[in-house]
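Reader: I have a model open and want to read it feature by feature. Please take me through it.

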Amino acid sequence: MNQTFTKPEKIRFKHVDYAGIVFYPRFLEMLNDLVEDWFEEALDRPFSKIHETNGIPTVDLKVQFKKAARIGELLTKKLWVIKLGGASVTCGFHFEDEQGNTCLEGEVTLVNVAITNGRDAIKAEAFNEEMKALISKFIL
């Protein structure tokens, strides 16, 4: 059975604005942390290794802010795969509070890229079969 990748996130002082709610760019940082954790923990491809020769930039992002999150709350962040292409993967994501209310949801498309030695050029590079098999476990 396919699965979602799930991580908790405690809302800290560093996440909030003067009104005491999560400042919207912090939500995007939390999303990036979720993607990075997914690659490391579930796909055995930590960013520290990826970025030696490759990258996985975001090329499309759709976000809906549904409910404010406040300092001290614990969010559950979930990520799953909607579509797996040759070099790209589109993931759905959902952040909810402890009562199950949606705070944030959307889609992010990532592309696997090769980076030249001088880091002056990048181009899409297909995922290998092993990586496709690992990513496929998260298709819902």
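Reader: How many helices and strands does the secondary structure of the protein come to?

Author: The protein has 3 helices and 8 strands. Helices (H or I, at least four residues) and strands (E, at least two) are DSSP runs, numbered from the N terminus. Along the sequence the pattern reads β-α-α-β-β-β-β-β-β-β-α. This is a predicted model, where local features need pLDDT of at least 70 and side-chain atom pairs count only at pLDDT 80 or more, while totals for chains, interfaces and linings use all residues. Residues are numbered from 1 along each chain as its sequence is written, and side-chain values use heavy atoms, with hydrogens and water left out.

Reader: What radius of gyration does the protein have, against that of a compact globule?

Author: The radius is taken over C-alpha atoms, and the globule rule is 2.2 Å times the number of residues to the power 0.38. For 140 residues a compact globule would come near 14 Å; the protein has 16 Å, which agrees. Along the principal axes, the C-alpha atoms fill a box of roughly 45 × 40 × 25 Å.

Reader: How is burial read, and what percentage of the residues count as buried?

Author: Buried means under 20% relative accessible area, exposed over 50%, partly exposed in between (1.4 Å probe, protein chains only). Of the 140 residues, 39% count as buried. The accessible surface is about 8000 Å², and 50% of that surface belongs to carbon and sulfur atoms. Areas come from the Shrake-Rupley method with a 1.4 Å probe; for residues, only the protein chains shown count as cover.

Reader: What share of the contacts joins residues 24 or more positions apart?

Author: Contact means heavy atoms within 4.5 Å. Among contacts with a separation of 6 or more, residues 24 or more positions apart account for 63%.

Reader: Now helix 1. What span does helix 1 reach, and what is expected?

Author: The expected span is 1.5 Å times one less than the number of residues. Helix 1 has 19 residues and reaches 27 Å from its first C-alpha to its last, close to the 27 Å expected.

Reader: Which residues of helix 1 are buried?

Author: Start with the general idea. An α-helix has 3.6 residues a turn, so residues three or four places apart point the same way. In helix 1 the buried residues are Phe27, Met30, Leu31, Leu34, Val35, Trp38 and Phe39.

Reader: Which residues touch the most other members of the largest nonpolar core?

Author: A nonpolar core is a set of buried Ala, Val, Leu, Ile, Met, Phe, Trp, Tyr and Cys residues joined through side-chain atoms within 4.5 Å. The largest core has 32 residues, and Phe27, Trp38, Phe39, Leu43, Val89, Phe95 and Ile135 touch the most other members. Two or more residues come from each of helix 1, helix 2, strand 4 (74-84), strand 5 (88-96), strand 6 (102-111) and helix 3 (129-136). Helix 1 gives the largest share, 7 residues. Take Phe27: beyond four places in sequence, Phe27 is in contact with Val22, Phe65, Ala69, Leu75, Phe95, Cys103 and Leu104.

Reader: Cysteines next. How many disulfides does the structure hold?

Author: A disulfide is a covalent bond between the sulfur atoms of two cysteines. The test here is a pair of cysteine sulfur atoms within 2.5 Å. The structure holds 0 disulfides. Cys91 counts as buried because its relative accessibility is 0%. Cys103 counts as buried at 0% too.

Reader: Which residue takes a positive phi just after helix 1?

Author: Asp44, with a phi of about 55°, although Asp44 is not a glycine. Asp44 is found in the loop between helix 1 (24-42) and helix 2 (47-53). Its relative accessible area is 66%, so Asp44 is exposed.

Reader: Where is Gly86, and what does Gly86 touch?

Author: Gly86 is in the loop between strand 4 and strand 5. At 37% relative accessible area, Gly86 is partly exposed. Not counting residues up to four places away, Gly86 touches Ala126, Phe127 and Lys132. Gly86 and Tyr18 lie 44 Å apart in space, C-alpha to C-alpha, and 68 residues apart in sequence.

Reader: Is Ala114 buried or exposed?

Author: Ala114 is buried, because its relative accessible area is 16%. Ala114 lies in strand 7 (residues 113-115). Leaving aside neighbours within four places, Ala114 is in contact with Thr53, Asn54, Ala121, Ile122, Lys123 and Glu125.
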